[in-house]
Amino acid sequence: MGKGFQVVVVRDYDPNRDLKRVEELEKSCEVGSLLVDLMGDPLARIRQSPSFYMLVAEIDNEIVGMIRGTIKTVTRGGNALHDGTSPVTSTTKLAFVSGLRVSPYYRRMGIGLKLVQRLEDWFRLNDAAYAYVQTENDNAASVKLFTEKSGYSKYRTPTFLVNPVFNHRVTVSSRVNIIKLDPSDAESLYRNRFSSTEFFPSDINSILTNKLSLGTFLAVPRGGDYVSGSLPGSWAVISIWNSKEVYKLQVQGTSRLKRALAKTTRVLDGAFPFLKIPSFPNLFKPFAMHFLYGIGGEGPRAAEMVEALCSHAHNIAKKSGCAVLAAEVGSCEPLRACIPHWKALSPEDLWCLKRLRDDDGADWTKSTPGLSVFVDPRDI
């Protein structure tokens, strides 16, 4: 049967009848050269959120598309007072569109648009005021679907920073003291220092106490300590999210020569770890990732302390068997240059935002960007 005049049914995802078919669809839909393995749970990437939903599109009992969505409350942009300096915290109910997949054979039939529209119905039913989506800046088909057909506005252009985990441990600066914070202290720090940052989640406590959160680490000058509510003149903070337990990734379509060169760097790094060779990890078989979030700091030594925290996070990832560390930061983030990454592995992202209701004050989609955005690890 040809592709024309076929009835597309969009319905709720049913794990009892759809699991295997959804897994097959996921495997057929590479994101560029990157294959995502959800390890038997299509809801794995959204079930940590306070409210989540999944839809599938079906033609003649064949699943040809799917989409996922979540809803949470966050700090919205455009919150500066008239003096332009003092932040005012204002929250809104924000929906997130993720995991849109359409079978390659059934593309350009309007299935993606239909899935987005049905998901937005659920967003509105649950009082979400805005919806946003993350996509790569050079993904023309995705950008066109959301900005030209679905009414989303290009909003923010953060960078997804990826750094390899080497075979050797990296050195953590001896000028810095790294302290693992209790979740309650971490929550207090984030609420006191980050609650006016755009996209800051109101349920930050749920993230910090989640089983996938490996901890929040504070860097202070050597010899310094942390007393709740009191920070030194220079400090930095990072939290680590264990994506290893949720999904694995795999790079496909790489030449044998590049694979051989990458393997050579790993062999040399393993044989001579004291040389600290920047080896390329084996990304050509399923690999795991740790995600760094809540990155921030203040003071003249903040950059040095972020670098020390990233080194500490690298060593944790090495011990856990992860191949890469990743973080996502806003285009204007002051500490962006201090986060180690390989440019070839770090794509420019595009966040698109849509207003779903007009009773939520000034239009957030038209607000000017702040220096930072808070990237929720549950959205990665």
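Here are some friendly notes on the structure above, point by point.

1. **Before you start.** This is a predicted model, in which local features need pLDDT of at least 70 and side-chain atom pairs count only at pLDDT 80 or more, while totals for chains, interfaces and linings use all residues. Residues are numbered from 1 along each chain as its sequence is written, and side-chain values use heavy atoms, with hydrogens and water left out.

2. **Salt bridges.** Let's begin with charged partners. A salt bridge here is a side-chain nitrogen of Lys or Arg within 4 Å of a carboxyl oxygen of Asp or Glu. By this rule the count comes to 21. One of them joins Asp-18 to Arg-11, at 2.8 Å from N to O. Are these two residues buried or exposed? Both Asp-18 and Arg-11 are buried, where buried means under 20% relative accessible area, exposed means over 50%, and partly exposed is in between (1.4 Å probe, protein chains only). Asp-18 and Arg-11 also belong to a network of salt bridges that links them with Arg-17, Arg-21 and Glu-58.

3. **A bridge between a strand and a helix.** Now find Arg-101 and Glu-26, whose closest N and O atoms are 2.9 Å apart in a salt bridge. Arg-101 sits in strand β5 (residues 91–102) and Glu-26 in helix α1 (residues 15–28), so this pair ties together parts that are 75 residues apart in sequence. Helices (H or I, at least four residues) and strands (E, at least two) are DSSP runs, numbered from the N terminus. Both Arg-101 and Glu-26 are buried.

4. Asp-359 and Arg-357 meet through their side chains in a salt bridge of 2.8 Å, N to O. Asp-359 counts as exposed because its relative accessibility is 54%. Arg-357 has a relative accessible area of 25%, so it is partly exposed.

5. **Aromatic pairs.** Next come the rings. Rings of Phe, Tyr and Trp (its six-membered ring) pair if their centres lie within 6.5 Å; planes under 30 degrees apart count as stacked, over 60 as edge-to-face and the rest as tilted. A search of the whole structure finds 21 aromatic pairs. Among them is the tilted pair of Trp-122 and Phe-123, with 5.8 Å centre to centre and 55° between the planes. Both Trp-122 and Phe-123 are buried. Phe-272 and Phe-274 make an edge-to-face pair, with 6.1 Å between centres and 85° between the planes. Elsewhere, ring pairs link Phe-96, Tyr-130, Tyr-132, Tyr-155, Phe-199, Trp-351 and Trp-364 into a cluster.

6. Areas come from the Shrake-Rupley method with a 1.4 Å probe, and for residues only the protein chains shown count as cover. Patches are made of residues with over 30% relative accessible area and no salt bridge: like charges are joined within 9 Å, nonpolar side chains (Val, Leu, Ile, Met, Phe, Trp, Tyr) within 5 Å. Phe-272 is partly exposed, because its relative accessible area is 36%, whereas Phe-274 reaches 62% and is therefore exposed. Leu-275 lies in the loop between α6 (256–271) and β13 (289–298).

7. **A positive surface patch.** Which residues form the positive patch? They are Arg-169, Lys-276, Lys-318 and Lys-319. Lys and Arg count as positive and Asp and Glu as negative, while His and the chain ends are not counted. The place of a charge is taken as NZ of Lys, CZ of Arg, CG of Asp or CD of Glu. Lys-319 belongs to helix α7 (residues 302–320), and its relative accessible area of 79% is why it counts as exposed.

8. **Two positive phi values.** Asn-61 is not a glycine, yet its phi is positive, near 65°. You will find Asn-61 in the loop between β3 (51–59) and β4 (62–75), and it is exposed because its relative accessible area is 59%. Arg-108, also not a glycine, has a positive phi of about 60°. Arg-108 is placed in the loop between β5 and α2 (111–125), and at 79% relative accessibility it counts as exposed.

9. Thr-135 lies in strand β6 (residues 130–136) and is buried, because its relative accessibility is 9%.
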